[in-house]
Amino acid sequence: MTRRLLLSYLSLTLVVLLGLEITLGTVFARRQSSDFSASVQRDAVMVAELIEEELSAGNAAGVAEIVKHYTDCMGGRVVVFDRGGRIVTDSAAGRPAVPAAAARNGPRGADGERQVGRAVSEALRNRPSAGTIRDRAGGGELMSAAQPVTVASKVRGAVWLTSATENTRTRIRIAWIALACIGVGVLLVVTVVAFALARWIIRPLNALEQATEQLAGGSLTDPPAADLGPPELRRLATSFNRTATRLQHLLRAQRAFAAEASHQLKSPLTALRLRLETLEFDLAPRARGTLDAAIAEIDRLSDMVRGLLALARLEDSATVPEPVDLDDVLRDRAATWAPLAAEQSVTIAVTGPPAGRVQAVPDALEQIVDNLLANALQIAPPGSTITLRTETRPRSGAPGDDGTVGLHVIDEGPGMKEEHRRRAFDRFWRAPDATHEGSGLGLAIVQRLVHVSGGDITLEEAPGGGLDAVVRLRPAADPPVARRFAAQPAVQA
C-alpha cells in the first residue's frame, strides 16, 4: 500500500508539474522569439531611417559607413538595395545576400533565395516583412526583416537585415533545462515527503491488520496504538481496541461457562447414575423399564457434557496444523474399531490410493475418524460394509493451490435427506427420524476439527445408497511417501 500511495502522490505531482512547466516553457519561448523578431524589425527600421538621405543622394560610401557602424555595434548582416533591386552595399562582403534578379523579378532559385527575393520585392513595394530563414552557410536559423527606405513617401530602396537566432535559442534551451531541474527537484522533495506521509498513514494500518489477525486467532496480545497516524485512524484504533476487549471478554466468559458447566455437571451425573443403578434391586419388575430409560437419558446427557467440554477445549486452543500420515491413522483406527463392528456383523474396508501426509492439528485425525465410524456403525445394518476410501486431487496450477487429499467414510445405511444433510453439523441437531440416541454434537466436533486443520467436510449421498462423509484436507509440504497401502487386504470384522 505504501507503493500505491507513493505512486498516487507522484503521479498527481507529475501531472501538475508537466502542466505548469510546459505552459511556462512555451510562453517563455514564444516571448523570446517575439521579442527577438521585434528587435530585428526595429533595427531594420532604424537603419532604413539612417540611410534615407545617403541613399537618396546616391552616396554609396555613406550608406556603407552607416551599415558598417551598425554591424560593428550590433552584429548581424545588412544588405541595402536601391530602387531597382540592385545591391548598394552588403556588410558581409563576398556573400551575396540575394541575386539582384531575384529581388527584381520575384521568387527564383533556391528556397532561401526565393524567400529573400520575396521579402525584398515586397519591401520595394513599401510592404515591410519579417521571418526566419535557413543560413545556408552556417547551417543555423536567421531572423530576417526587410524594410523599405522611403523619402517623401517614395520608396528609394530597401534594407534587408538578418541576425542569428542562436543566442535566443540558447536562452530558451537554458530555460527548459532549468524547468526540468526544478521539476526533478520538486519530484524528489515530494517523494521524500510522500514516503514519510505514507509511512505515517500505513504504520497504524499495519498495526490494525496484525491486531485483526491476532484477534481472529483467538487472542489479541499486541493491541494497536491509538496515538499514531491521522486522527481518523486514531479513532479507529481506539474503537477497535474497545471492540476487541469486549469480544475477548465475551469469548472468555463463554468458554469459561462451557468448561465450568461441563466439569460441574460430570460429577453429579455420575453420582446420579450410580444411585439409580443401586435402585435396580429394590424396584418392582414393572418399574425396571423406566429405570433403564432414565439411565439411558443420563448417559446421553453425559455424552452431551463431554461433547460440550471437547468443543470448549477446541475453541480455547490455538493449535497449528502439522504433517500427519493419513494412511497410518486409517489402518490404526480401522483395526481398533474392527472388534466392535464384528459384534454388529459389519465389515470395515480401507481402499484407495496412498494418501501420504496431510496437514492436521495433533490427534485431530484420530478423533475425526472415530466420530465418523461411530456414527456409521449406529446406522449400518448387519452384513453391510463401512468403507474408508482415500483419493487425491492434483494441484490445478493456480497460485496457492497444492491440491487436496480426500477421505470418504461411506456406509450402507438409510442415508439422509438433502435438507437434513445441510443441518447435520448444527450443534444439538438430530434428524427427526433418527432411531439411535445421541447428543447431536459429534458432527459439530468433527467439523470444528476439520476446519482448524485447514480442511472442509461435507455430507453427500452415497452412490449405492447410504451416506458419504467427505473430508478434504491439504497435503503436507513434503511430498507423500509412496506406500503399498492399496495392495494390502482390507481390515474386516
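Ala152 sits in the loop between strand 4 (141-151) and strand 5 (154-164). Helices (H or I, at least four residues) and strands (E, at least two) are DSSP runs, numbered from the N terminus. The phi angle of Ala152 is near 55°, a positive value in a residue other than glycine. Most residues other than glycine have a negative phi. Ala152 is exposed, with a relative accessible area of 66%; exposed means over 50%, buried under 20%, and partly exposed in between (1.4 Å probe, protein chains only). The model is predicted, local features need pLDDT of at least 70, and side-chain atom pairs count only at pLDDT 80 or more, whereas totals for chains, interfaces and linings use all residues. Residues are numbered from 1 along each chain as its sequence is written, and side-chain values use heavy atoms, with hydrogens and water left out.

A positive phi also occurs at Ser345, where the value is near 60°. Ser345 belongs to the loop between helix 9 and strand 7 (347-351). Its relative accessible area is 44%, so Ser345 is partly exposed.

The chain holds twelve helices and twelve strands. Of its 493 residues, 37% count as buried. Among contacts (heavy atoms within 4.5 Å) with a separation of 6 or more, 64% join residues 24 or more positions apart.

Helix 10 (residues 364-379) packs against helix 12 (residues 442-452), with axes that come within 9 Å and cross at roughly 150°. Axes are lines fitted to C-alpha atoms, for helices over the stretch in contact, and angles run from 0 to 180 degrees between N-to-C directions. Helix 10 and helix 12 are therefore roughly antiparallel. Angles over 145 degrees count as roughly antiparallel, under 35 as roughly parallel, 65 to 115 as roughly perpendicular and the rest as oblique. The crossing of helix 10 and helix 12 is left-handed. A crossing is left-handed if the near helix is turned anticlockwise from the far one by less than a right angle, and right-handed if clockwise. On the helix 10 side, the contact is made by Ala364, Gln367, Ile368, Asn371, Leu372 and Asn375. These residues meet Gly442, Leu443, Val446, Leu449 and Val450 of helix 12. By class, this contact has seven nonpolar, four polar and no charged residues. Ala, Val, Leu, Ile, Met, Phe, Trp, Tyr, Cys and Pro count as nonpolar, Asp, Glu, Lys and Arg as charged, and the others, Gly among them, as polar. The buried residues of helix 12 are Gly442, Leu443, Ala444, Ile445, Val446, Leu449 and Val450.

Helix 10 also meets helix 9 (residues 326-343). Their axes come within 10 Å and cross at roughly 35°. This crossing is right-handed. Helix 9 contributes Leu326, Val329, Leu330, Arg333, Trp337, Leu340 and Ala341. Helix 10 contributes Leu365, Glu366, Val369, Asp370, Leu373, Ala374 and Leu377. The residues of the contact divide into eleven nonpolar, no polar and three charged.

Helix 1 (residues 2-50) and helix 3 pack at an angle of about 150°, their axes 10 Å apart. Helix 1 is thus roughly antiparallel to helix 3. The crossing is right-handed. Asp43, Met46, Val47 and Leu50 of helix 1 make the contact with Ile66, Tyr70 and Met74 of helix 3. Six of these residues are nonpolar, none is polar and one is charged. Helix 3 (residues 60-74) also holds Glu65. At 60% relative accessibility, Glu65 counts as exposed. The C-alpha atoms of Glu65 and Ser91 are separated by 9.7 Å, with the residues 26 apart along the chain.

Leu459 lies in strand 11 (residues 456-461). With 10% relative accessibility, Leu459 counts as buried. Beyond its neighbours within four places in sequence, Leu459 is in contact with Met416, Arg421, Ala424, Phe425, Leu443, Leu467, Asp468 and Ala469. Leu459 and Glu418 are 41 residues apart in sequence, and 9.0 Å apart in space from C-alpha to C-alpha.

A disulfide is a pair of cysteine sulfur atoms within 2.5 Å. By this rule the count is zero. Cys73 is exposed, at a relative accessible area of 54%. Cys181 also counts as exposed, at 52%.
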